[in-house]
Amino acid sequence: MNELHLQDKFLIPFFREGLGYREVKANTVTNSLIIEEDLQEFISKTELNKKPYEILLKKYGGDKDKLLKDLIKLILERSYSSRNMALFINANKSITLQGIKLYLFYTGDSVIHNNALFDENIFSVVQELPYKYSYNGKQIFSFRPDIVLFVNGIYLGYSELKSNYTNQSALKNGRRKVIKDYFEAIRTYHHHFDSNDMLSEKERECFRKDFLKIFEKAIHITTTDIGETFVIRTISDYFDEILATCREGKFDREEIEKKARSVFKPYPLLKPGAEKKDKLKELFTALYGRGFIEKEILYYNFIERNVYATKNGKELKKEQGHLISPRPKQKFGTDKILAKIDEFLAHEQEDNYFEKLLEKQLVGVSETKKQELLKKRKEYSNNKNVYSLLMQYAAGFGKSNIIGWTALQLKDLRRNDEYVYDKIMIVVDRLQLRSQIDSLMLSMNIDNRMYVEASNKNTFQEALASDTRLVIVNLQKFGSVRDMLDAEVLQKLSKIRIVFLIDEIHRSHSGDAHEEMVSIFDELQSPFDNNVQYSQMHKKKNLIIGFTATPDDHALARFGEFSGYAESEKLWRPFDSYTMKEAIEDGFILNPLKNIVPVASKMLFDLPTNLLEGFSEKEYKDAQKKQIYENRDRIDAIAKYVADLLVKDVYRKIHGTGKAMLAVYSIKSAIFYKQAVTKHFNAIAQEPKYAKYAEAPIHIVYSRNQDEQSATVLNNGLSEEKVMQNFALKKNGLMIVVAKLQTGFDEKKLHTLFLDKEIKGISAIQTISRVNRTTKYKNDCKIVDFSYNNVNVQNIKDAFEYFSNVVVSDFDPFGDKKVLDLLFVELKKSDTFDKFFTVFMAIYDDKTKRNNPESYLDFESSLKKYIDANPKRTADTKAKAAQYFTILNRIEYVIELDAKYSEPRFLFFWRKFNTLYNMMHRSEDIKDPIEVYFDDRIGIIEVVTYSPEEKKKKPLILAESPAPYGHQFDILAIIAARNEQEAITGSLIQDFETKIKDFFDYVQNANEGERLIVKINSHVSEA
C-alpha cells in the first residue's frame, strides 16, 4: 500500500466513518492554522454559543468577518503563550470577547448536558496541507504534512505517513522526515530572524512562536507506516540545540536526530498480532479518537513547576516550568486501566464473568485441559470481592504521573447520570511520595480544597463522609491498614464504590537489624476478603490498583491477570508492564549494574581472652553479623573511605550537584556512621580545594526506636520531612538510612549508593533503584558495596535477572492446599488436640474468659507438662502446626478455602500451642560469640559473579520433627576457616592495588600512555 493509497483510500475514510471527523479541503485552512468555516460554525450555531454570538454580533454591527478576525487574533495571542494546543484549549474552553463569553470547546459527560454538547464539537482532518511562511512579502519556508487535525477550527497536530510499499518505514524514514522538517524550519528561522540584528529579542520570540507553531504547538506529531506508529510530543526541547548548531554554522542534524529518536517512540498495541489495518485503526483511535483528544486536552498535558510552602499551604512558583505529557507507554497504560474499568463496570453484577471470559479464550484447547483450567480459575479469589489491577512499572517510569492522570479521569468518570466512584483514594506510605502527590496535584490545577488527607481512622472516616471525592491516604501515620478497614468502615464501603491507587505496593517493615518487604496490596484487600458481611452486602465492587517494579508470586496470583489458557504452568502476569530492561534500553533510567564497585574490609576472628583460664574452659559460638556490621573500627575505616569519595567523586558528578545515600545494617551502626563520616568529612573539607563542599549536609533517617536516640536529635532538631526538604534543596549531601527511603524516594541527583548491609530480591531492586533516575548531566550512577564478603554483587545480579523482565508467576496454591488438607487431618488426629482441645474450647467459648490471660493458666500448665513428658510426639505436632500456618498464610485469599481451615477456635488453639512450645524451647545457647576485629585493610576487589541457576521446584511434603543434632562445631576450625577467607580478601585488595599502580606506571612511561595523557588534558573536566 503506497502513501497516497494508505492516506486517501484507508485512513481518511476511517477518520470520517470510524472516528467522526469531517474532511476539509486544504485551501480552507489559513496560514494561521485556523479553519475559519469550522470556527465560524461552532461559535454561531452550537447550543451554548448561539445567543452569546447574536449579542456579540450586534456589538459588531452585524460584521461577521470583523468579529471572526478579532476572535482569531485573540486565539492566536493566547495560543502563542501556551506550551501546546492541549494546554491552550483546556485553559480557554471558553473565551471572552468584548465582555461576551464564547465557547471554543465542549467537554463530555457534563452533569447537565451529558455528552450532548461534546457531540457538537467539530473534528476535522485535512490532507496534504501546504504550510507556507512568508517574510517581507517573500516565501521563506514550506512543507506539506500528510494529515493535519483540527477541532472547532483550531489546530491540534499532524501525522507523517510512510509506505512499506516503497521500502520506507516510520521507524527510519518517518521519524527522520519529521526531525528534518523541524531542523530546516529552525535553520530558516536562524537565517531570517535569529541573525537579524534589526529585530529585538521580543520580536524574534514572536516570529518563532508564529513560524514554528505547526511543530511546537502540536499536541503530538506522529508518523506511521501501517505497521508501527511513532509519537513525539516535545520536539521543541531540541530548539536551543538546533539553533546553537546553526549559529556555529555546522547545520549538522545527525546528533540531534539521535537524541530526538530516543523520545520519538512507538505507540504500543493492545493486539500486536492483529491485521495491519486493524492495528492502524487501534493506534489512530488511541491517538486521534474524539474521546481521546478530549483526554489530551483535559488531563494528559500540564506544566510542572516547583512548589513552595506558604502559611496558607503549598503554592506553585511563578516560573515557566516544563511541559509534562505522557510518553507513549504511559498514555497506553493509563488508557488501558480506564478501558479495563469500563469492562469491570459493564459486568459488575456477573459473578462468573471471568470464568465465562476464560471459556471463550480456551477455544481450541483440549476439553480435559479446558476443564482443568476453568476449575482452577473458579477456585481463585482474584477479582471476586474486590477488583484489582497490578501494574509492573520500572522505578523511574513516572508512576506518580500515571496515578495523577488516572485519578483525575476516575474523578470525572460518569455513568447513568452519576459519578462512578464515590471516592478516589491515593495511597502513599512515604513522606516524599506524599509531597510528590501534593506537588503533582497543584501542577494539574487541583488545589488543596479539592482533596483531603486521611492519616488515621478518624480522618479516614471523615473523608468517607465528606463531599470531597479525592482522598490522599497517608499510611505512614496509620498503625495498620487493617485497623483502618474495620467492620464499621467495611459496612460503609459495601454501599459505595471506591478506587484505591497505591503508589508502591511494597513497604519496608524493620526492627533494629531486621527488614522485610510487606505488600500494601495484601493489607488493603484482606479485610474485604475476610469480612463475610461485606462479601454478602456489597452491591458495587471496589477497585485496588497497585504499582510496583517488583511483583512477587503471591501478589501476582492474588491481584494479577489469569493467563492459564497457555499450555505453560505460568498462570499469572501483571495487567500491564514496562520493565526495568525496557526503561534502560529506552534511556529513561540508568543501568545500576554497570558500576558496582565491591570494596572489601579485611576482618580478623579470634577467641576472646578467658580471664578464668586454668580454672574453667569456656565454649564459644560463631560470630554474629552484627559484630561485623557494628564494629567501630571497621565503620571508621569505611566512613573515611566514603568521605573521601564524596569530595573526590560523588559531589563532582552531575555538574557538581551529585548526592549520595548510605544504607546500613542497623540503627546502632547508622549512629556510628553519622559520627564517623561527619568527623572525616569535616577534616577533608578543611583542605582549600574541598572547602566548597563544607556545607553539604550529612543526614540520618530511621524509624523511631525506644532503645536509641531519635534521628531528629542527630539531625539538629530537623524532622524527617524537613530533612528531606533540606536534602532536596542543597547542592550536595549524604543521606544515611536504615530500612527507610529505600522505596519511593526519588531524588534525581542521587548518584552513588553506598551499601553496608545485605540486600536481595525485592529489597535489592527497590534499594538500587534510588540512584537510577535520569536528569540533565547525569550520565551514570554507582553502587559501592561494603557488605561482608561483598555478597551484594551477586545478590543484585540475581534480583535484576529476575525482576528486569515481565515477572510471571507459576505459584501453585493447589499443591499447597493438598498438603494443608493432610496437615488439617493430622493435627485433628494428634494426641495434643485430643487431650486439650475440649478443655480449651470451654475457656474460649466463654466470652467472659476468652480474652483474659489468667483463664488459660491451668490449661497452659497442663499442656506444658504434656510437652515435657512427650518431647518427640509434641515436636512432630509443632512442626506440622508451624507448616499449617505457613501454608494457610500463603494461600488464604489466593484461592477459596473451606471455612474449617480458618475456624477461629482451631487457629487460636494451635497458636497457643505454638507460643507455649516456642517459649519452652528457646535456645539455651549462652555461649559467647568469638571476637571480631578490623584488620586495618580496606580496598576494591574483583568479585566473580555467576548466572543464577534455575530453581527446581521441590515437592512440598508433610513436616516432621527435626532429627536431633548432636554434632558440636569445632570453634577453632571455624575461626581458621574464617581467617583463611579473610587472608584471601587481603590478597584480593593487594592484587587490585598492584594492578592500579602498574596501570599508572604504564601510562606515565609508555608512548600510548603519553598520548592518553594529552587526550585527557585536552578536555575540560566535568567539575
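1. Basis. The model is predicted, so local features need pLDDT of at least 70 and side-chain atom pairs count only at pLDDT 80 or more, while totals for chains, interfaces and linings use all residues. Residues are numbered from 1 along each chain as its sequence is written, and side-chain values use heavy atoms, with hydrogens and water left out. Helices (H or I, at least four residues) and strands (E, at least two) are DSSP runs numbered from the N terminus.

2. A sheet with E1 and E11 at its edges. Seven strands in the order E1-E4-E7-E8-E9-E10-E11 make an open sheet with mixed pairing; two strands pair if DSSP finds at least two bridges between them. Strand E1 (22-24) and strand E11 (265-266) are the edge strands, and each pairs on one side only. Strand E10 (residues 229-232) and E11 run antiparallel and are joined by two bridges. Val231 has Lys265 of E11 as its bridge partner. Helix H11 (residues 276-288) packs on this sheet and touches strand E7 (147-151), strand E8 (154-161), strand E9 (221-224) and E10. The direction of H11 makes about 20° with that of E10.

3. The E2-E3 hairpin. Strand E2 (residues 94-97) and strand E3 (residues 100-103) run antiparallel, with four bridges between them. Leu97 stands opposite Ile100. Two residues lie between the strands of this hairpin, and Gln98 in the turn has a positive phi of about 50°. Buried means under 20% relative accessible area, exposed over 50% and partly exposed in between (1.4 Å probe, protein chains only).

4. H2 against H4. Helix H2 (residues 36-45) packs on helix H4 (residues 64-80) at an angle of about 105°, with the axes 11 Å apart. Axes are lines fitted to C-alpha atoms, for helices over the stretch in contact, and angles run from 0 to 180 degrees between N-to-C directions. H2 is therefore roughly perpendicular to H4 (65 to 115 degrees; under 35 is roughly parallel, over 145 roughly antiparallel, the rest oblique). In contact (heavy atoms within 4.5 Å) are Glu36, Leu39, Gln40 and Ile43 of H2 with residues of H4 including Leu67, Leu71 and Ile75. The contact has seven nonpolar, one polar and two charged residues. Ala, Val, Leu, Ile, Met, Phe, Trp, Tyr, Cys and Pro count as nonpolar, Asp, Glu, Lys and Arg as charged, and the others, Gly among them, as polar.

5. H36 against H37. Helix H36 (residues 857-869) and helix H37 (residues 871-891) pack at about 110°, with axes 5 Å apart. This pair is therefore also roughly perpendicular. Tyr866, Ile867, Asp868 and Ala869 of H36 meet Pro871, Arg873 and Thr874 of H37.

6. A sheet with E32 and E37 at its edges. The order of this open, mixed sheet of seven strands is E32-E33-E31-E34-E35-E29-E37. Strand E32 (698-701) and strand E37 (931-940) each have a single partner strand, so one side of each is left without a neighbour in the sheet. The twist averages 20° from one strand to the next. Strand E34 (residues 750-756) and strand E35 (residues 782-785) are parallel, paired over four bridges, and Thr752 stands opposite Lys782.

7. Nonpolar cores. Ile545 and Tyr884 touch the most other members of the largest core, which has 142 residues. Another core, apart from it, has 99 residues, among them Ile95 and Phe150. A nonpolar core is a set of buried Ala, Val, Leu, Ile, Met, Phe, Trp, Tyr and Cys residues joined through side-chain atoms within 4.5 Å.
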